[in-house]
Amino acid sequence: MTAVNTSRRDVGADDDQIGGRSLAIVVERLTKRYGGRTVVSELSFAARPGRVTGFLGPNGSGKSTTMKIMLDLASAESGRVTIGGRRYRELPDPAATVGALLESNAFHPGRNGRNHLRILADAGGADPGRVDEVLELVGLGDAADRRVGAYSLGMRQRLGFAGALLRDPPVLILDEPANGLDPKGIHEMRDLLRARAAQGHTVLVSSHLLGEVELLADDVVVVNQGRLVTSGPLGKLQEAATLVRASAPGHLRDLLEAEDAEVEDQGSALIVRGVPIEEIGQRAFDAGIALHELAPHAVSLEERVLRWTWDAERPQGDGAGEVPEP
Amino acid sequence: MTWTRQLRAELRKLTTTKMPWAFLAVLVAISATTASAVIWGTDFDGSKTFISTAADQRSLMAFAANATVIAGLFGAIAVAREYGHGTVIPTFLSSPRRHRAVLAQLAAVAVGGALVGLVGAALTVVAVAAALPTTEFGFMVSVAGVARVVAAASFAGAAGAVLGAGIGAVVRNTGGAVTGTVLALIIAPPLIVQLISDASSWVPSPLATALSGVEPEAAGVESQVGAVAAIVGLAAWAIVPAVIGLVSVQRRDVV
């Protein structure tokens, strides 16, 4: 997938409904500056209904800022974000449409968990009976009347997650929801988010836990330094690559790139995606290039993301600014 | 989302932490101090002339000026802590058109401030009434006088709380908001009067005292404004920072 897309159709936002509760999140050419520093730059991507979209990037890459702009908590210099074709503030009932978890500590420490949710229920118009339901759902039923200040980080995450689920919204925007959760909590959250996506809901999740995203996400969006690095279906990004060692790697690279292959030069070897292993061998043979090694090469999401973000951080003239194709 | 639901949420915020109890403790301490003054206090000449007339007793019970300051701190803390704890995020998510959320906050703290004034005045009246039998003087203030003292404290409390809330919305930091409120209600008024002597009746404390029906002589001032003017004046002191706070949160990023 091309790194930067500009039109709503291009970013795949063709599922905009409000009555039908099928809502895509569409980010279009978003730019945000704080002072003279650009924290989000011309960012475009879409999170689609029925899919879990992992929003990945290193610290300070602009993920949280982008999420705040999605929710009208911050304004953009240019570009826009729509949910179901509308800005968040223009949604008929924002709290019923989007559930959000942005800060793991957005609680008054002296208030108990139940009262925190009652306040959200009051403000958002949720059924008061829903408070106990979501407390049970996230496993905080027994701790509901304890002060949030006495909660562990994982319990606070669960409480924040409960707040996001209070109105049973068709869109979830979650910033690092797995932070502080124990393995059981992560497993439960994963099942819950997968189930919501299976119901046609839109789920956007930022995370540093790339292994967890690999188990959770259908699509991924990778950003670095405020720019889109790549986006697309996780399965495609994880497509098996081929490791090639050849007598003329530069020539072979040119040949394969002419076939729309993605080729990473790792010094002594090429990592090739998008062209079957048999075709690589045939191309090399046809060009008279001796192959020293030709083997399947599995790469984890973590390795790929680290490589993308590392590549993007390299200084200009050393490959910087080249946006890898998934 | 209706505004009344937002108001209910804001009122629940105020009543689900220990902050109201802390302020109640302050009010109890002030009323106890007032009772102690009645029991053991004297004028310079050793007499108790400061409680010898109905006007003197009303002046002692007039809680409105205190209510302005205490409720001001209440409003400032209630709003500024929203930013400090990050609870303003779910507030603005529920009400992305932020003026509704801020108006609900202002209304809720006005109710809270009015209660601070009402409870503070009631406790002070009870303290004075309970302490007077230890002296040679009886309780001389009429029921209407007591009612006006309590009503004035309630209004002054609401106004002070709105003023503090406006400052809290602008400053967004509890310490800064408290400092700003103290500056606005305690430090700035004498300086304003120094600069503009005609303003002496229009700063919060004299306005609150006038609203309580305390006579100029008992209040130690040469002149004071009428009740309606006092209401307008106190309301103006509250509305100006509230409007500034309302405007300032509209487009500001929540970071």
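User: Before we look at any pair of helices, how are the angles between their axes defined, and from which atoms are the axes fitted?

Analyst: Axes are lines fitted to C-alpha atoms, for helices over the stretch in contact, and the angles run from 0 to 180 degrees between N-to-C directions. Two packed helices are described by the angle between their axes and the distance between the axes. In this predicted model, helix α3 (residues 113-124) of chain A packs with α1(B) at an angle of about 160°, and their axes lie 7 Å apart. Because angles over 145 degrees count as roughly antiparallel, α3(A) is roughly antiparallel to α1(B).

User: Which residues make the contact of α3(A) with α1(B), and how do they divide by class?

Analyst: From α3(A) come Asn115(A), Arg118(A), Ile119(A), Asp122(A) and Ala123(A), while α1(B) contributes Arg5(B), Gln6(B), Arg8(B), Ala9(B), Arg12(B) and Lys13(B). By class, this contact has three nonpolar, two polar and six charged residues. The crossing of α3(A) past α1(B) is left-handed.

User: How many residues does each chain give to the contact between chain A and chain B, and which elements of chain B give two or more residues to its side?

Analyst: Chain B gives 25 residues and chain A gives 29 residues. On the side of chain B that touches chain A, the elements giving two or more residues are α1 (3-15) and α5 (88-94) of chain B. That side of chain B has eight nonpolar, nine polar and eight charged residues.

User: What does a helix pair within chain B look like, taking α3(B) and α6(B)?

Analyst: The axes of helix α3 (residues 54-61) and helix α6 (residues 98-131) of chain B come within 9 Å and cross at roughly 135°, and the two helices are therefore oblique to each other. Their contact is made by Gln57(B), Leu60(B) and Met61(B) of α3(B) with Thr124(B), Val125(B) and Val128(B) of α6(B); by class, it has four nonpolar, two polar and no charged residues.

User: How should I read the sheet with the order β2-β1-β4 in chain A?

Analyst: Strands of a sheet pair through backbone hydrogen bonds, either parallel or antiparallel. Here three strands of chain A form an open sheet in the order β2-β1-β4, with antiparallel pairing. β2 (37-47) and β4 (78-83) of chain A stand at the edges, each with a single partner strand, so one side of each has no neighbour in the sheet. From one strand to the next, the twist averages 20°. Strand β1 (residues 25-34) of chain A pairs with β2(A) over seven bridges, and Val26(A) has Ala46(A) in β2(A) as its bridge partner.

Methods:
Residues numbered from 1 in each chain as written. Chains lettered and ligands numbered in written order. Predicted model: local features only at pLDDT ≥ 70, side-chain atom pairs only at ≥ 80, totals over all residues. Contact = placed C-beta atoms within 7 Å. Helix = DSSP H or I, 4+ residues; strand = E, 2+ residues; numbered from the N terminus. Nonpolar A, V, L, I, M, F, W, Y, C, P; charged D, E, K, R; others polar. Parallel < 35°, antiparallel > 145°, perpendicular 65-115°, else oblique. Left-handed = near helix turned anticlockwise from the far one by under 90°. Pairing = 2+ DSSP bridges.
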